[in-house]
Amino acid sequence: MIAEFPPGLLLIGGAVLVPFLKGNVRSAYTLILPLLGILQLIMLDTGTFGAMSSFGFEQTHVRVDKLSLIFGYIFYIAAILGVIFAWHNDDGMEKSTALIYVGAAIGATFAGDLITLFFYWELAAVASVFIIWAARTDRSFKAGLRCLLIYLVSGILLLTGIAMYATATGNVDFNNIGLDSPGGLFIMLAFGIKCAFPMVHNWLQDGYPEATVTGTVFLSAFTTKLAVYALARGFAGTEVLIWIGVTMTAFPIFFAVIENDLRRVLAYSLNNQLGFMVVGVGIGSTLAINGAVSHAFAHIIYKALLFMTMGAVLYRTGTAKGSELGGLYKTMPWTTGFCIVGGASISAFPLFSGFVTKSMILTSVAEEGYLIPFLVLLFASAGVFHHSGIKIPFFAFFAHDSGKRPKEAPFNMLLAMGLAAFLCIGIGVYPAPLYALLPFPVDYAPYTTSHVVTTLQLLVFSGLAFAVLQRTGLYPPELRSTVLDFDFSYRWIAPRLVKGMFKVGGEVWSLMTGDFKALLGALIRRIVQTSGPRGILARTWPTGSMVLWAATLLALSLVFYYQ
Amino acid sequence: MTDAPSNNHNTDENSATKNGKRYWLDDMRNVYKLFWALVTLCVLLTLADLFYEKHVVYEFEHWFGFFGFFGFSVSFALVLTARELRKLLMRDEDYYDR
C-alpha cells in the first residue's frame, strides 16, 4: 500500500529505471515520480510507521508530523521545478543522481530516528557530489572532491555524535537533542557544516556554481534546507544559533558585492538567507520556528528561480560572469522579468513571498529583545536587496550593453521559471495556505500599514544607495577575479602544509633506514608490550571510546589523503 | 555532455550595431528620469511616516524616517567596505588553478 511506503524510497528506487529510458519519455518519467510523491504525502496520516530494530535500538523509519510534512512538500515542489527546468537535458547520470538526491533528502526529512537519518543524510551527500561531477569539467571534479571531503567530516561528526547520544540515553529517537546532551555538540556541528555555518560554508560557494546549468538548481534546494530542518528538529531554542545565524546573514553579503560569477553571488546570498532561518531556529519560539520553516519554504522556490534565470543566461551565452554580461533584457525579456520576481521575493518586497515569511523571524527577534541581532538582520535585509535584488538582474540584464543578443530561454526553462515566479507572487499575495501548513498555529498578520511602509522605506532607500553609487562611479565594477574566502585555508594553505609534511617525513625516513634493523626490533618489542597478552591496547574497551578512536583515525586519514 | 554552455552560443555579437534597434533605456535621459522617480518615491515614503501609527518594538524605530535612513546608510557603507575588501581579497581568476 502506497501510504505505508517510505516517502524517499519512491524516488531512490525509481532512479534505477532512468538509465534505460531516453529523451522525452525519460524526462516525463522523472516528472511523474515527484508528482506521485506529492500525492502520497497528501494521503499520509500523521504518525509513525516502519518500526524496526537494529544495532540493538528501536528505529522508526518514517515519522509524519507537520514539521516533516512541510519540508516534504517543498522538496517535492523543488524537484518538480528542477525536473521541468532540466527537461531538455538528456544526461542520464545527472537525471538519476538528482532523483536519488531528492529522495534521500526526503527520506531524511521523514526519518524518525538518528540511524535512519544518518543513512539518508550520507546518501544525499554522495548523490549531490555526483550532481556536481555531472558537469564533467576539471573544475567541477576538483570542487566536487572538496565538497566530498567536507561532507565526510560532517558524516564522521554525525556518526560520532549519534553513537555518544545513543550509548548515553539508550535510544536513537530524533527529537529535540540540545547542546547539553551527550554527543549534542557533534551532531549540531554535523548539521552546521551542511547548513554552511561561518568558516565551514565554502563548500557551498565552491561547489554549487561548478555544477551544470540544471544541476545547480537541484543543489540549491536540498542539502542546506535539510540541515535547517534537522536543526529545527534537534536544536530549536539553542541560543548560540542566534549568533551563528546573525553572522551568516551579515558576512556573505560583502563577498556577494565583489564576486563576479553571478551564480556564486547567488550562493553567497543563499548563505545569507540560511542565516535568517538559523536565527529563527535559535530563538525557538512558535513564531520564530514558524518563521524559519516558512522562510525555508519560500526561499527554496525563489532561490531555485534565481538560479534558473542565471542558468538560462549561462545556457544561452556561455557565461554567468557579471563582467561579461549586460543588456540581455533586449532579447531575453521573460527571463529578465522572472529574475526580477525572484529578486523581489528574496528581498522581501510586499506582495512577494519573502515578505510574509522573513518578517516572522524579524518580529520574533525584536520581541524577544535581541537588539543587536535585530539591527544586523535589518542590515542584512537591506544588503540582500542590494546584491540579489539589484545586482543580479542589473549586471546580467541591464548595466552596460555587452552586445550579446542571445535567444530567449527554451520553453521548458521558461515554464519552470514561470511556475516558480507564480508561486513566489502567490505566496506573497495569499499566504494563508502556506501558513496553514506550518508546524504551529499562526497568529500573525504580515500586511499591516506599519510593516509595509517600513519595509518599503528600508528597501527603496537601499535601492537609492545603489543608484547613487552607480551614478557617482563609486560602485565597484564587475571584474574577472577570484575572491579569497575561508576556502583559502584548504585550497592554498593546507596543500602546501601537507606537501611540506611529506617532504620532512621523507627526509626523516631516509635517516632512519640506516638503523632500520634496530628500529624493527624495537617496534616488535613495543607491539608485544602493548598488544600482547597483557598489553594496554588488547583490553576490551567500551564502544563509545571505540567510536571516538574510529572517528579520530578517519579524520587523520582525511588529512593524509588530502592531496 | 549535453548541457555544455559553450554548445549553446546563440550570441550574435554584431547585431547591436547591425540592426541598431534603440530601446527606451538606451537613452540616458530616460535613465535619469528613472533615477529622479526613485528619489521622488523615497521622499514620498519618508513623508508617509507622518500619516500612520508605527507598530514597532524599539524606541528608535519610531524616529521619523528611521528605516529609510538606515537602509540608505548601511547599503552605502556595505558597498564601500566591500570595495576596500577587494584590495585584500581579490586575486586573478586562475589563482587556485595555477
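Colleague: Why is Arg480(A) called exposed?

Modeller: Its relative accessibility is 54%, and exposed means over 50%, buried under 20%, and partly exposed in between, with a 1.4 Å probe and protein chains only. Arg480(A) therefore counts as exposed. Do keep in mind that this is a predicted model, where local features need pLDDT of at least 70, side-chain atom pairs count only at pLDDT 80 or more, and totals for chains, interfaces and linings use all residues. Residues are numbered from 1 along each chain as its sequence is written, chains are lettered from A in the order in which they are written, and side-chain values use heavy atoms, leaving out hydrogens and water.

Colleague: What makes Glu324(A) and Arg480(A) a salt bridge?

Modeller: The term asks for a side-chain nitrogen of Lys or Arg within 4 Å of a carboxyl oxygen of Asp or Glu. Here N and O are 2.7 Å apart, so the pair qualifies. Glu324(A) sits in the loop between α13 and α14 of chain A, and Arg480(A) in the loop between α19 and β3 (482-483), 156 residues apart.

Colleague: And why do Lys391(A) and Glu478(A) count as buried?

Modeller: Lys391(A) has 0% relative accessibility, so it counts as buried. Glu478(A) is buried too, because its relative accessible area is 10%. Their side chains meet in a salt bridge, at 3.2 Å from N to O. Lys391(A) belongs to helix α16 and Glu478(A) to the loop between α19 and β3, so the pair ties together parts 87 residues apart in sequence.

Colleague: How do you know that the salt bridge between Arg139(A) and Asp97(B) joins two chains?

Modeller: The closest N and O atoms are 3.0 Å apart. Arg139(A) lies in helix α6 (residues 138-169) of chain A and Asp97(B) in the segment after β1 (90-91) of chain B, so two chains are joined. Arg139(A), at 39% relative accessibility, counts as partly exposed, and so does Asp97(B), at 45%.

Colleague: What makes Val528(A) exposed, and which helix holds it?

Modeller: At 53% relative accessibility, Val528(A) counts as exposed; its place is in helix α21 of chain A.

Colleague: Why is Leu328(A) called buried?

Modeller: Its relative accessibility is 0%, so Leu328(A) counts as buried. You will find Leu328(A) in the loop between α13 (286-317) and α14 of chain A. From Leu328(A) to Val442(A) the separation is 114 residues in sequence and 42 Å in space, C-alpha to C-alpha.

Notes. Helix = DSSP H or I, 4+ residues; strand = E, 2+ residues; numbered from the N terminus.
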